[in-house]
Structures are given as C-alpha cells and as structure tokens.
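A careful account with the cut-offs stated is wanted.

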Amino acid sequence: MVIGLRQFMARVGTGAGEPVLDTDNGEELVHVQPSVSIALGNRSPDTPGTLYITTKQVVWLSDLDRAKGYAVGFLSLSLHAVSRDPEAYPSPCIYTQIETEADEDDSEDSDSECNDVLDLSKVTEMRLIPSDASQLDTLFQIFCECAELNPEPIEEGEEGGHNWVFSTDQLEDETGEGDDAECHFHQNPTNLIGHSNGDHDLARTVLELQIHDQRFEDAEEMERVSDSSHHQHQ
Amino acid sequence: MLFFSYFKDLVGREVTVELKNDLAIRGTLHSVDQYLNIKLENTRVVDQDKNPHMLSVRNCFIRGSVVRYVQLPPDGVDIELLHDATRREARGG
C-alpha cells in the first residue's frame, strides 16, 4: 500500500456507494460512520461525507461528490487521538498524523495558497469530525484496533526478527558459523561482552575471531606467509 | 519480546515519546503491545510551539514504527537487569 494520503474513488455500484475493498487479500469493512467531515492539514472541513474504517485503511467518501474521496492506510497513520479542546480545534474530532513519503518539514502539509490544488501525498495532519461527538471514543477505539492489525511488514528471511547487524564487517563476512555463534562482535578486545558473560562458547568464538582474523595479522607476517621465496627484510 | 515486557512494567509511569518526525509527546504510559505501539494518557506536547494542535489531546495512540525514542523515568530503569536481558536476547536465548 502506498504511504500517505491518497485519492479514493472506487465506489461500489450505484446505490450505497461503499468503497471497493481488497477482499481478495482479506480486507474487511469494520465500521461505517455517517455524517463525518474531513479536514486535511489547515484546510477547512469537507462535508458531508461518510467514514469507512476497514481492516487496512481509513476511507472518507463525500456524500455530495461521487468523485471525491480520500484514503490512508493504517501503515501510514503515525498517531491518532481524540481532540476535544476547542482552543486547538473548534470541533471535537479524531486527530491523526500521517506519515508521508519524504517527511519534510511540518509546514508542508497543505497548499494553503491554491484552494483546490492540494498535494495529498504531502498531507501530514487529518481531522475527522463526526456530527455526533459522542462517537469519538468509539472511533478512537476502532482506530486503535485496526492499527494493531497492521504492524510493519516483516522482511523475509529471519525467524523472530533477529536480524541484528553488529558491524559492517558482518555484511561482507559470509560466515558459515552463523548458527550457534550468532553474535559476531568485531570489536576491540577490551569489549567485555565476549569475556564477561559466562557463556564459554561465545567467549571462545569472540576470542578466536580476534586471534585468527587475518586482518589483525602483522604486515610482516603476511608477507612472509604469502611470499616465502622472496625475503624482504625490513 | 524484551522491550514489550520491559514497557509493560512501566505502565502507569510518565514517559516521553519522541517520534521520528521530531515530535515529542509526554504522557502516562497506558498500554503497549507486541509491536511497541504505545497508548499514552494525559498527553501533552513537549514543544508546544512546534505542535500547537496536539495541545488538546488527552489520550493518544502512537504507532510503534514511528517511535524514535522512549524517554524513561530514571528510577524506572534497572540497568543491570536490562544489560543482562539484552545480552541474553541478542544471543537468541
């Protein structure tokens, strides 16, 4: 799914005008809230509309203009909250922050000069204002639940997410002994980790690395080793 | 699961969450989940000039993936315990 806010125009058939969902991939509608206005960035609210919360995204469709709709995936919602203080915003609403592609400075969130030319992908704040303010806590709760359904996708290849990198050396270093000695501490011998943690195998591995790693060999020794016929005395 | 367990023990304590977009929010840790999504109560923004909109927010949900730091109460940190636990976790144990 695309990062950030985007246009959403795919509506079902003629009547209900519900958003078309990616049901093949398991997307389901979780909640529908009619009579919700939407305010993007600093712009004044768009109204009236209907809010659809699915297992993957939040969709707002205008009730008046069938070509107008916005959607943002839960993966892009950095935070959401209930806003009730009239000094911060005149109407009680769900306040959300949206993660954008190239997260620039805050003030990029809307095109305040041109009314209609709004770059949705740069919108960083969105408010959803239900006409029924008593629904705010419910909406907040549903946002929480659906956000939890959308954790960061895990890179393939490791179990339990143990994809730790300890040094740049490890990246070039195609070690076959990745299994029991998972940790390669290519650090100086004063590093306590290999020495102080009582796991003898690990300690041995760390010490071995330090002793046998070719990079730590003296230059002289290396020359002698590789070039036995030509003795170059220093 | 280390930090999940660790944060669970800090529920009810005051923390400051700094997001990757530099926003810092202070509040009481209400709950945390396995993805380190964080719910805060009694939230207030640390730098009010930068983010006035957030002033009114009482409770908020912060996505784990956008958190840069969680600043902890000094007496909520047992360094020895964390040290051992992280070492064990790094070994895959």
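The report below treats the interface and then the sheet of chain A.

The model is predicted, so that local features need pLDDT of at least 70 and side-chain atom pairs count only at pLDDT 80 or more, while totals for chains, interfaces and linings use all residues. Residues are numbered from 1 along each chain as its sequence is written, chains are lettered from A and ligands numbered from 1 in the order in which they are written, and side-chain values use heavy atoms, with hydrogens and water left out.

**Interface of chains A and B**

Contact (heavy atoms within 4.5 Å) links 32 residues of chain A with 27 residues of chain B. The buried area, meaning the accessible area (1.4 Å probe) that two parts lose on being put together, summed over both, is about 2500 Å², and carbon and sulfur atoms give 56% of it. On the side of chain A, the residues that lose the most area to chain B are Ser78(A), Leu79(A) and Glu148(A), which together account for 18% of what that side buries.

One salt bridge, defined as a side-chain nitrogen of Lys or Arg within 4 Å of a carboxyl oxygen of Asp or Glu, is found across the interface; Arg63(B) forms this kind of link with Glu152(A), and their closest N and O atoms are 2.6 Å apart.

Among the elements that give two or more residues to the side of chain A that touches chain B are strand S8 (93-98), strand S9 (125-130) and helix H1 (136-148) of chain A. The most, seven residues, comes from S7(A). Helices (H or I, at least four residues) and strands (E, at least two) are DSSP runs, numbered from the N terminus.

**Strand pairing**

Within chain A, five strands make an open sheet in the order S1-S6-S5-S4-S2, with antiparallel pairing. Its edge strands, each of which pairs on one side only, are S1 (5-7) and S2 (29-33) of chain A. Neighbouring strands of this sheet are turned by 20 degrees against each other on average, direction ignored. H1(A) packs on the sheet, where S2, S4 (49-54) and S5 (57-62) of chain A are touched, and the direction of H1(A) makes about 35 degrees with that of S4(A). For these angles, axes are lines fitted to C-alpha atoms, for helices over the stretch in contact, and values run from 0 to 180 degrees between N-to-C directions.

Definitions and conventions. Two strands pair if DSSP finds at least two bridges between them.
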